Amino acid sequence: MKRQKIIRSLIIAAIILFAAGGDRLSKHAVRQKVEYGAQISVIGNCVTLTKVENTGAFLGMGRSIPRPLYRLLMIILPLAVTAYALFYLVKKETLSRLTLLAISLIIGGGLGNIYDRIRYGSVTDFLYFDFILFHTGIVNMADIFVTAGFFMILCGFCTDQRKALRERNP
């Protein structure tokens, strides 16, 4: 049993480090190699690299809030939520593998953006996706990990609900 806990903890740590590290490496490369406002086509017009600094949250929301409130809403509160998510992940041993992966990706992505806010006062965004009917704002790898984790949790929830419904109504 203790061995399983250690292996589980190592898997959680590896996923979090993968997400946070991947985010850090990608942002570092973009900061070093891409000029502000440059638009570099990666895959036709579908994926474009462009470097911007986001001083707000999702899609720049909250960029004009006073600095003390910024620290609370963009650093302290996300750190508290991330710490709670990690605590939950470690303590709740009955989570599915999908949920474990999802929460770990969210924590890793969250830590990547929190690090940027503490170190630089902003988050470096650089990826723009345009798939004709669907396009994004400019995002970074941390945003992608957090979003992927969210959709994994949503899919797991829907699967669990369908399974519960089938068991109630055979």
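Colleague: Buried means under 20% relative accessible area, exposed over 50%, and partly exposed in between, with a 1.4 Å probe and protein chains only. Which residues of α1 are buried?

Modeller: The model is predicted, so local features need pLDDT of at least 70 and side-chain atom pairs pLDDT 80 or more, while totals for chains, interfaces and linings use all residues. Residues are numbered from 1 along each chain as its sequence is written, and side-chain values use heavy atoms, without hydrogens or water. Helices are DSSP runs of H or I with at least four residues, strands are runs of E with at least two, and both are numbered from the N terminus. In α1, the buried residues are R8, I12, I15, I16, A19, A20, D23, S26, K27, V30 and R31.

Colleague: How far does α1 reach from its first C-alpha to its last?

Modeller: The expected span of a helix is 1.5 Å times one less than its number of residues. With 32 residues, α1 has an expected span of 46 Å, and its reach is close to that, at 46 Å.

Colleague: How many aromatic pairs are there?

Modeller: Rings of Phe, Tyr and Trp (its six-membered ring) pair if their centres lie within 6.5 Å; planes under 30 degrees apart are stacked, over 60 edge-to-face, and the rest tilted. The count by this rule is six.

Colleague: What type of pair do F18 and F145 make?

Modeller: F18 is in helix α1 (residues 2–33) and F145 in helix α4 (residues 141–168), 127 residues apart. F18 is exposed at 54% relative accessible area, whereas F145 is buried at 10%. Their ring centres are 5.7 Å apart and the planes are at 65°, so the pair is edge-to-face.

Colleague: Which residue's ring has R31 over its face?

Modeller: A charge sits over a ring if NZ of Lys or CZ of Arg is within 6 Å of the ring centre and within 35 degrees of the ring normal. K51 lies over Y36 at 4.2 Å from the ring centre. For R31 the distance to the ring centre is 3.9 Å, and the ring is that of Y120.

Colleague: Which residue in β2 is the bridge partner of I40?

Modeller: Two strands pair if DSSP finds at least two bridges between them. Strands β1 (residues 40–43) and β2 (residues 47–54) have three bridges and pair in the antiparallel sense. They form a hairpin with three residues between them, and G44 in the turn has a positive phi of about 50°. The bridge partner of I40 is L49.
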